[in-house]
Amino acid sequence: MRARYGVPLSLTALGAAGLAYAAGFEVRSFRLRRVTVPVLPRGMRPLRVLQVSDIHMVSGQRKKQRWLQSLAGLRPDFVINTGDNLSDPEGVPEALDALGPLMEFPGAYVFGSNDYYGPKLRNPARYLTEKVQGRHGLNGNAPAVGVVHNPWEDLRDAFDAAGWVGLSNTRGRLKLEGIEIALTGLDDPHIKRDRYAEVAGGPESGADLSLAVVHAPYLRSLDAFAADGYPLILAGHTHGGQLCIPFYGALVTNCDIDTGRVKGLSTHTAGAHTSFLHVSAGCGTNRYTPVRFACPPEATLLTLTPRD
């Protein structure tokens, strides 16, 4: 009997321990990623950009709130929020409380699908089958029906009141003590709200730096930004794969970008141009899958430096 059942019982115990770690520890093990990106004109002082993404706030997540508030101590030059702030229609006050200290800094934002709609309970294995079939979000899937509508307007109004620049299929600018940053953003490609034709044309003249911002790093958006010559693209959405295999990495990205670029700094080439791409693994999860494994929750401090 021992020889027959020993291995299955051991695997069950190992799986239970892994689940307990993923749901009880790692999902709350918040980290700060630091990267340096050489995209500024020569002679310009470095700029520190804090990117927060995929907060997926649910009422009662006090540790996440305190950690996000503490990021204000980094004193960034400006903040970029790449969407999916909510995973609970009741989570707006707590999301705004968590981001309150960061809203004292200049900033800009785009929204993701979970800002607009509440999550639905689904089998996590569908992410694997959809990857094999090339189906992601509404891109190839039937439109969502019977979904919960989140009060995203309250988020928008609070961000706008703080002076953050909304970038949903539009352009905006940030002025930082004599430095002017031009920003071009898209609404979420994951639910087909992106309208690149409305912002096409590439970096703006007269700005010291132009950045591109989008929630989900779908290839059509990355191709358009890179072909237009943006030096840096910021995105989120992927959760870094969320459930990864140690020493291997992510299995899925929940969009059509490859797993090799599911998080962190990489590049993207389209046409004759190559852009830096930073994808944040985010600091939250869908409320129905509150686990992370080999992929801690994060925010990123990007230090932008002059080009070589």
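1. The largest nonpolar core of this predicted model holds 30 residues, and Leu-50, Val-52, Leu-68, Leu-71, Leu-102 and Phe-159 have the most contacts inside it. Such a core is a set of buried Ala, Val, Leu, Ile, Met, Phe, Trp, Tyr and Cys residues joined through side-chain atoms within 4.5 Å; buried means under 20% relative accessible area, exposed over 50% and partly exposed in between, with a 1.4 Å probe and protein chains only.

2. Two or more residues of this core come from each of strand E2 (47-52), helix H2 (62-70), helix H3 (92-99), helix H6 (152-161) and strand E14 (298-306). H3 supplies the largest share, four residues. Helices (H or I, at least four residues) and strands (E, at least two) are DSSP runs numbered from the N terminus.

3. A second, separate core has 25 residues, including Ile-80, Ile-181, Leu-209 and Leu-304.

4. His-278 is found in strand E13 (residues 273-279) and is buried, with a relative accessible area of 0%. Beyond its neighbours within four places in sequence, His-278 is in contact (heavy atoms within 4.5 Å) with residues including Arg-33, Gln-51, Leu-234 and Thr-300.

5. Residues are numbered from 1 along each chain as its sequence is written, and side-chain values use heavy atoms, with hydrogens and water left out. Because the model is predicted, local features need pLDDT of at least 70 and side-chain atom pairs count only at pLDDT 80 or more, while totals for chains, interfaces and linings use all residues.
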